[in-house]
Amino acid sequence: MGSPRSSDTGWRDVARDPWAAVLAEAESLRTRAVLSLSIPPIPVPFEEPDETLGDLAFACFVYAKRMQQAPDVIASRLAPLIPRGKFIASATATGGYVNLRVDPAALASETLGALRTAGEAYGAGEPGKERVLLEHTSVNPTGPIHVGRARNPVIGDSLARILRKAGFPLTTEYLVNDVGRQMVLLYWGVTHLKPSDVAPPQSAKEDHALLPYYVKANELAENDPNVNQEVEALIRAFEGGDADLTKAISSVSRQILSGILQTLDRIGVAFDRFFWESDLILQGKIGPVIERLKALPVVQQEDGAYYIDMAPFGVKGRETKWFLTKRDGTSLYPTRDIAYHIDKFTRCDLAITVLGENHRLEYEQLCTALKLLGERLAEAVFYSYVVLPEGKMQTRRGRIVAMDDLIEEAVARAQEEVRKRRPELPESQMREIAEAVGIAALRYNIVRVQAEKKITFRWEEALNFEGNSAPFLQYAHARTRGILGKGGPFEPGDPALLTHPEEARLMKLLARFPHVIGKAAESRRPHEVATFAYDVAAQFNLFYRDCPVLTADPPLRAARLGLVDGTRIVLQGALDCLGLPAPHEM
RNA sequence: GGACCCGUGGCCUAGUCUGGAUAAGGCACCGGCUUUCUAAGCCGAGGAUCGGGGGUUCGAAUCCCUCCGGGUCCGCCA
């Protein structure tokens with residue numbers, strides 16, 4: 001939609017954004033027409049009407065009201081005043097709306113030109129200056145990552161890719177929570193229990209191998225007072241700043257983390273850097289923050305423990321005291337989080353964190369504290385957890401679907417499909433395609449849904465390879481590759497030859513890609529790219545049905561090859577933004 | 001008790017921020033399409049009081065209020 005805002009975001013280069021160019025022209029032609037009727041240029045968003053009516057439209061009700069005339073009268077007076085432009089071919093009035101028709105040849109020429117200039121970079125925004133630090137995933141290293149947590153890396157990584165494409169200099173970061181009671185428990189388990197004491201691990205992968213020790217340690221600490229005492233003693237030593245112990249505990253978490261990272265790597269998620277919470281403590285970065293907090297007038301004390309009463313800041317509930325330190329003066333997580341963010345702000349201009357919905361209050365509290373300290377604020381993207389049909393997943397209960405299992409299942413299912421459909425392919429290539437398809441199916445299934453909606457995990461949905469699914473997108477892309485491969489090298493054709501309705505529809509979508517990337521980045525909503533990618537793939541399939549490429553007359557053939565290549569670039573670009581591999585054939 | 005998030009055909013989702021012209025897809029079900037660039041595709045059929053009610057507006061899935069249902073959170077844990 002062509003709200004005035006889109007033309008205000010100056011970082012986007014209009015020359016490389018065909019749809020923005022169309023909107024800008026429509027806006028300027030309309031403004032002139034409106035002014036010439038002595039109507040104030042009230043901004044009315046452009047919308048996309050049913051295609052039988054036009055390509056762009058705006059309602060005249062607001063103008064009508066202002067001028068005290070009937071909307072269809074205003075529309076009929078306005079339409080003839082909108083002259084033909086570079087893109088806008090005609091304007092007609094229908095029932096209070098002015099419908100604009102975009103000249104398909106002009107749009108095609110603009111879009112294919114932009115595609116030719118930018119190549120694979122088509123869709124990218126102007127390189128920006130604002131350094132973004134995107135923290136995501138940051139799951140506690142106590143065991144393998146499960147499907148309940150899967151949205152964080154998938155949303156985070158997709159958002160990272162989209163922000164990069166949009167032009168932001170971006171760093172991704174994983175906060176490794178290697179301090180606290182749970183880590184001490186895990187450490188106690190691996191140092192005090194023998195393999196025969198714990199349940200057999202599901203696999204030798206480090207995160208799976210160590211999980212049973214964590215589970216058993218939890219169980220013992222709950223039921224065996226002696227164990228609990230030992231653990232408490234360890235926690236005290238740890239809290240007392242025992243550097244050797246802190247490092248020892250951290251090294252256990254590093255082992256589990258390496259298993260988690262292997263899993264994430266397999267689904268295409270990697271990080272630029274890691275931040276160990278223990279470093280914050282060992283480097284003495286907590287103390288100064290505590291001192292700054294204590295100096296705040298709003299900070300109060302109870303038995304030596306410091307807290308902020310959040311009630312005046314809009315937080316309500318049973319308990320509004322937000323504790324920053326313990327009675328003994330040692331830090332609590334909120335303090336460490338504040339210290340972490342202050343550290344982050346020295347390394348970026350904008351800090352974004354992908355967080356589960358259960359962290360919403362904590363985020364509000366963090367922002368309140370940062371505001372009180374005169375620091376910048378962090379931005380957050382929240383998502384709801386993936387739940388099983390029978391309820392939420394819990395690591396401690398073992399009621400989880402491990403990501404590793406889901407990946408194996410997805411790839412195995414994909415392998416079956418490939419074998420069925422492409423029995424002639426060599427085994428190694430079948431495996432490659434199966435990996436690409438299976439993993440893409442998982443990621444797409446998560447990223448296509450708005451983050452704040454909860455997802456109920458169902459195998460049949462997660463492993464769906466038809467309809468609105470990753471393989472649908474990948475298949476369309478593979479089709480473009482197939483045609484281009486057989487078509488061979490081609491000279492740029494005449495865009496004006498692309499007059500078929502399916503060609504025009506496809507071209508309009510390709511023209512919008514840069515705009516879509518910009519919007520998705522700005523709104524931090526990766527699913528918008530998923531929706532768009534589906535639209536492109538579906539439209540390409542219609543073009544594929546109706547417009548033979550290779551057998552067309554040479555001039556038309558060349559023009560169509562250009563369109564197919566453009567589709568290839570856009571689909572590949574969109575898939576890349578979603579972290580979905582794009583195999584050349586499948 | 002309070003705050004926040006979600007509620008769209010049997011199931012899943014887009015559209016909600018930025019209100020507009022008959023609410024758009026997918027899955028499932030039923031019926032079709034392959035001597036033509038990969039049928040993981042395409043076409044057709046049925047299927048929706050956009051959770052209920054009120055309000056604002058020329059116009060509400062979209063904004064406001066309220067109720068209902070589901071979820072999350074309100075630790076000197078992290």
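This is a predicted model: local features need pLDDT of at least 70, side-chain atom pairs count only at pLDDT 80 or more; totals for chains, interfaces and linings use all residues.

Biologist: What makes strand 2 and strand 3 a pair?

Modeller: The cut-off is at least two bridges between the strands. Strand 2 (residues 88–94) and strand 3 have six bridges, in the antiparallel sense, so they count as paired. They also form a hairpin with two residues between the strands, where G95 takes a positive phi near 50°.

Biologist: How do you know that strand 1 pairs with strand 3?

Modeller: Apply that cut-off of at least two bridges again. Strand 1 (residues 56–59) and strand 3 (residues 97–102) share four bridges, running antiparallel, so this is a pair by the definition. One place to look is A57, which stands opposite N99 of strand 3.

Biologist: Why are strand 1 and strand 2 called edge strands?

Modeller: The open sheet of three strands has the order 1-3-2, with antiparallel pairing. Strand 1 and strand 2 each pair on one side only, which is what an edge strand does here. From one strand to the next, the twist averages 20°. Helix 2 (residues 18–36) packs on this sheet and touches strand 1, strand 2 and strand 3, with its direction at about 40° to that of strand 1.

Biologist: And what holds strands together in a sheet, in general?

Modeller: Backbone hydrogen bonds do the pairing, in either a parallel or an antiparallel arrangement.

Biologist: Which strands stand at the edges of the sheet of five?

Modeller: That open sheet has the order 6-5-4-10-11 and parallel pairing. Strand 6 (273–276) and strand 11 (379–383) are at its edges; each has a single partner strand, so one side of each lacks a neighbour in the sheet. The twist in this sheet averages 25° from one strand to the next.

Biologist: What makes strand 4 and strand 10 a pair?

Modeller: Strand 4 (residues 132–135) and strand 10 (residues 350–356) have four bridges in the parallel sense. At least two are needed, so the pair qualifies. V132, for instance, has L350 as its bridge partner in strand 10. Helix 6 (residues 151–165) packs on this sheet, touching strand 4, strand 5 (170–176), strand 10 and strand 11, and its direction makes about 160° with that of strand 5.

Biologist: How does helix 14 run relative to strand 11?

Modeller: Helix 14 (residues 360–372) lies across strand 10 and strand 11, and runs at about 175° to strand 11. Angles over 145 degrees count as roughly antiparallel, so that is the word for helix 14 and strand 11.

Biologist: How do you know whether G566 is buried or exposed?

Modeller: G566 has a relative accessible area of 2%. Buried means under 20%, so G566 is buried. This glycine lies in helix 21 (residues 554–577). Leaving out residues up to four places away in sequence, G566 touches L115 and L510. L115 and L510 also take part in the contact of helix 5 with helix 19.

Biologist: How much of chain A counts as buried?

Modeller: Of its 586 residues, 53% do. Chain A has 21 helices and 13 strands, and its C-alpha atoms fill a box of roughly 85 × 65 × 40 Å along the principal axes.

Key
Residues are numbered from 1 along each chain as its sequence is written. Chains are lettered from A and ligands numbered from 1 in the order in which they are written. Side-chain values use heavy atoms; hydrogens and water are left out. Contact means heavy atoms within 4.5 Å. Axes are lines fitted to C-alpha atoms, for helices over the stretch in contact, and angles run from 0 to 180 degrees between N-to-C directions. Buried means under 20% relative accessible area, exposed over 50%, partly exposed in between (1.4 Å probe, protein chains only).
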